[in-house]
Amino acid sequence: MTTLVIIDAANVIGSVPDGWWRDRRGAAERLRDRLARDGVPGRDQPVELVMVVEGAARGVESVPGVRVDTAPGSGDDRIVQLVVEEGRDRPTLVVTADRELRRRVGELGAEVAGPRTVRGDA
């Protein structure tokens, strides 16, 4: 069964002080491209990658292997909505370090992991 992997893009990008704040959209595109190339390191089963963007990263396009979902408001609320709507009947992993978001999706049965999971340095 394919695991739904939802990436909190703002949180993952913000976890590394590499100057992302100067070009949030570009940072989101780099994360998207790395996800498309590398997937989720250490996961051998098939995954469906969904990267949720918000704010200045709006407008980042999907690419083969990574669906970009633009949150109409709060990225956290959109992630919770995706867990409910698309993760109900399959394994779901949410990648974020946000404690409140981790609690919210954990209560819905999603597995949670930190940003290093997709940065490749886990």
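This is a predicted model: local features need pLDDT of at least 70, side-chain atom pairs count only at pLDDT 80 or more; totals for chains, interfaces and linings use all residues.

Visitor: How many helices and strands does the protein chain have, and what pattern do they follow along the sequence?

Guide: There are five helices and five strands in the protein chain, and, read along the sequence, they follow the pattern β-α-α-β-β-α-β-α-β-α. The radius of gyration is 13 Å, close to the 14 Å that the globule rule gives for 122 residues, so the protein chain is as compact as a globular protein of that length. Along its principal axes, the C-alpha trace spans about 40 × 30 × 25 Å.

Visitor: How should I read a helix, and which residues of helix H2 are buried?

Guide: The general idea is that an α-helix has 3.6 residues a turn, so residues three or four places apart point the same way. Helix H2, residues 24-38, has 15 residues and reaches 21 Å from its first C-alpha to its last, close to the 21 Å expected at 1.5 Å a residue. Its buried residues are Gly-26, Ala-27, Ala-28, Leu-31, Arg-32 and Leu-35, and these pack against several elements, including strand S1 (3-8), strand S2 (47-53) and helix H5 (116-119). Just after H2 comes Gly-39, which takes a positive phi of about 65 degrees.

Visitor: Which residues are buried in H3, and what do they pack against?

Guide: In H3 the buried residues are Gly-75, Asp-76, Arg-78, Ile-79, Val-80, Leu-82 and Val-83, and they pack against S1, S2, S3, strand S4 (92-95) and helix H4 (99-107). H3 has twelve residues and reaches 16 Å from its first C-alpha to its last, close to the 16 Å expected at 1.5 Å a residue.

Visitor: Where is Ser-74 found, and how far is its C-alpha atom from that of Pro-64?

Guide: Ser-74 is found in the loop between S3 and helix H3, and, with 34% relative accessibility, Ser-74 counts as partly exposed. Although Ser-74 and Pro-64 are ten residues apart along the chain, their C-alpha atoms are separated by 25 Å.

Visitor: Is Thr-92 buried or exposed, and which residues does it contact?

Guide: Thr-92, which is found in strand S4, is buried because its relative accessible area is 8%, and the cut-off for that word is under 20%. Leaving aside neighbours within four places in sequence, Thr-92 is in contact with Thr-3, Leu-4, Ile-6, Val-83, Gly-87, Ala-110 and Glu-111. Thr-92 and Leu-108 are 16 residues apart in sequence and 9.8 Å apart in space, C-alpha to C-alpha.

Visitor: Where does Arg-43 have its place, and what does it touch?

Guide: Arg-43 has its place in the loop between H2 and S2, and its relative accessibility of 24% is why it counts as partly exposed. Not counting residues up to four places away in sequence, Arg-43 touches Leu-93 and Glu-111. The C-alpha atoms of Arg-43 and Thr-3, which are 40 residues apart along the chain, are separated by 9.6 Å.

Visitor: In which helix does Val-12 lie, and which residues does it touch?

Guide: Val-12 lies in helix H1 and is buried, with a relative accessible area of 2%. Setting aside residues up to four places away in sequence, Val-12 touches Ile-7, Leu-31, Val-95, Pro-115, Val-118 and Arg-119. One of these, Leu-31, is also among the buried residues of H2.

Key:
Residues are numbered from 1 along each chain as its sequence is written. Side-chain values use heavy atoms; hydrogens and water are left out. Helices (H or I, at least four residues) and strands (E, at least two) are DSSP runs, numbered from the N terminus. The radius of gyration is taken over C-alpha atoms; the globule rule is 2.2 Å times the number of residues to the power 0.38. The expected span of a helix is 1.5 Å times one less than its number of residues. Buried means under 20% relative accessible area, exposed over 50%, partly exposed in between (1.4 Å probe, protein chains only). Contact means heavy atoms within 4.5 Å.
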